[in-house]
Amino acid sequence: MNSYPQIISRHTASPFTSPFSNHLRSILLIALLASIPACTTKVDSQNITYWTAPSLELSRFEKIIVDEWNDSHPDSPIDWKTIPAGISSEEVLLTAIATKTGPDICANIFGGFASQLADAGVIVALDTLPGFWDLVAKRHMTNIIRNNWFYKGHVYVLPVYTNPEMIWYNKEILNAFNITVLPRTYGEFFDLLKVVCSASDMYGLHIDVSSKWYRRWFDYLTFYAAASGGSPYLDMDNKAAFFDQEAGIAVTTFFHKLFAKGYAPKFEIQDGFQKGLFLAAIKGAGDIVRTKRIYPELQYHIAPLLVPDNYPADSPIYTLAESKGLVLFNNTIQKDQAWDFMRHYFTDEHDSLWLAITNYLPVREDLLSNSIFKLYFEDNPEIKRYAVTTAFSVPLSITPHTVQIQTILNRELWQPIIYGIKSPLAASRDANSAINRILRSGP
Amino acid sequence: MNSILAKLKSNELVGYGLILPYLIYSLIIWVYPLMWGISIAFKRWNIISTEKTFIGLSNFIQVIHDPLFWIAFKNTLYFMVVFIPLSIFLSLSVALLLNRITFLRSFFASGYLISYVSAGVAYSIVFNLMFSGNGIINTWLSGIGITIPWFSSPKIAMASIAIIVVWKFLGYYSLIFLAGLQSIPKTIYESAEIDGAGRITQFFRITIPLLNPSFTIIFIFAIMLSFNVFTEPYMITGGGPLDSTQTFVMQIYYHTFTNLHAGYGSSFAIIVAAISFAFVFFIRKIVEKDIA
């Protein structure tokens, strides 16, 4: 009670300011000062701004290329940064474009997103620039560009890499159960899981259960490519989806059973496969380098995707290959120099370096025949397995509705299947009719 | 103009002069964007092109018929039910503890604000890792045979998001309560003690009623916050599972920046702002008391 008068006088005088001590003032001051550079940063208008994916391996490569360019082109230097954090690069980039803070050149752009940007008139039709077809021919990707990258009569993306998906099996677990033949069909896979999962605490197939739209490339749509024998999942000419056809229903039924039987958890387990908690996982070539860096002891087999039980035994197994590249924005002040940088990006030496650093496969028709990659594939047979698969890879459908379509796929099919609130047939039909409505609603 | 100035007393002129910078700031930062936002709510616009088409009330009608609007509304109510009681209970508890100490009080009080000034994206990633199936929280819990699907169960995902937001605002709300506690004259407690009132009686009959301004402020802040939750569900759950963490702002963001329909996003925002304002008005009517 002795301190009572002081407390009263101190706090009745200024009740709302008293807790805001010097400490707090210091914190607020630091926060204010820290925000000043963010508000005042101004990029030199002579520089070309270049954004790339926020990945350790990709950044290692990009740094080399940008340093090389800046050393030889001091008059038009590249300001390079990774795309700021967000759920997806696309959303962050759209926000940047809308607020006029976007880059001049951006990497990591897939065809569907590029078509959205093209419709809005913010990116350059690259095939109108001088030397485009020479560059494409020099990189041995003329047919790939002609078959997969045209949108409304033009090419808007210079594809850098392709990333087909395959299945990894944990070698240690296979050895523990004396399994020497890997499953090919859904039925064989479930038979294997029955043995492995009932005798241990582990799960069968590691899948990202989140409702992030782009994740469906790496599970449902990849399996669809395999089940359909390489057919596209959308018919852009007739504005129709095929998810309620035989292949779509087979894939939906497979995943429904996987979750219903408890072979896949309904929650996310970070690096679950690498930590030995799953027998198998769907992975791309780009996952190899990261796995080697973080889990160097992990041993695994790489196998083709699973197919329905009635899939012809003599047919090749297809997969889906996410593919991304560079776009050039219309509001670029130094368009000629930016285009020069893009051309500088695509050389045999850079592609070799790219493959070695990132493990993503360069988009080239001569990947297996060109001597510049031969030695690397001999030393890295697991990456060669992916390179061989590119011949049976289905490209992503180019539609400006990609995000909407895959958001609907999540809402109408994927999430209801995980939680067992719809039958496979109902989920396939609901998703298909909702996606058809989207396809028919716009341009 | 001169006649108006002549009517104003010199001290009034000083007053208006002092608030003029704030008025100019408000016009530029708040009023202009608000008016612009209202104007595009009546248009179809894809945000990255210059072409805008007037479509009348069509956007507003679509929002009202959008099932995800009502899902977000239900999720917001669920968020409020968890967030408001939990944040008030915990922040009041922290404030009561801080009020009892004198040594290093300012240090602890400002220390609690670290969560408030932390970057939403950064702590969302950290919480996502901590609460994941094999994260540190479930690893601890598995020691007693429990695993909680924090973000993967549609029933509890929004509650998990609310817990993270409670963590963020705990320090801020505690400071508001602490300021309120310290403004209560000690003589009132002394009189009550002489009259034989115990600690519990003093708490419920003196502390709680005299903290009414703090409660009112925190209720208003918490309600406004509930209608604006974005970073945590956006980064952690993406609105899932089964749309159980879809929020109004996520929908506004989705329609504006992903679906490229800024007019629809703007009309969504106007309707949400109106509901939020109605809630605040209603809660003030219920909670706010004159304690003078």
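Between domain 1 of chain A and domain 2 of chain A, this predicted model has 2 salt bridges. One of the pairs is A:Glu57 with A:Arg293, whose closest N and O atoms lie 2.8 Å apart. On the side of domain 1 of chain A that touches domain 2 of chain A, helix 16 (381-389) is among the elements that give two or more residues, and helix 16 of chain A gives the most, with 5 residues. By class, this side of domain 1 of chain A holds 12 nonpolar, 10 polar and 8 charged residues.

The domain assignment places 48-163 + 321-395 of chain A in domain 1 and 165-320 + 399-441 in domain 2, and the centres of the two domains, taken over C-alpha atoms, are separated by 27 Å. Of the area that domain 1 of chain A buries against domain 2 of chain A, 26% comes from A:Tyr386, A:Phe392 and A:Val394, more than from any other three residues.

| Parts | Buried area | Share on carbon and sulfur atoms |
|---|---|---|
| Domain 1 and domain 2 of chain A | about 2500 Å² | 62% |
| Chain A and chain B | about 3800 Å² | 65% |

The contact between the chains takes 45 residues from chain A and 46 residues from chain B, and it counts 1 salt bridge, in which the side chains of B:Asp243 and A:Arg411 meet at 2.9 Å, N to O. Helix 17 (402-418) of chain A is one of the helices that supply at least two residues to the side of chain A that touches chain B, a side with 26 nonpolar, 13 polar and 6 charged residues.

Key. Residues numbered from 1 in each chain as written. Chains lettered and ligands numbered in written order. Predicted model: local features only at pLDDT ≥ 70, side-chain atom pairs only at ≥ 80, totals over all residues. Heavy atoms only, no water. Contact = heavy atoms within 4.5 Å. Buried area = accessible area lost by both parts, 1.4 Å probe. Salt bridge = Lys/Arg side-chain N within 4 Å of Asp/Glu carboxyl O. Helix = DSSP H or I, 4+ residues; strand = E, 2+ residues; numbered from the N terminus. Nonpolar A, V, L, I, M, F, W, Y, C, P; charged D, E, K, R; others polar. Domains from an automatic or database assignment.
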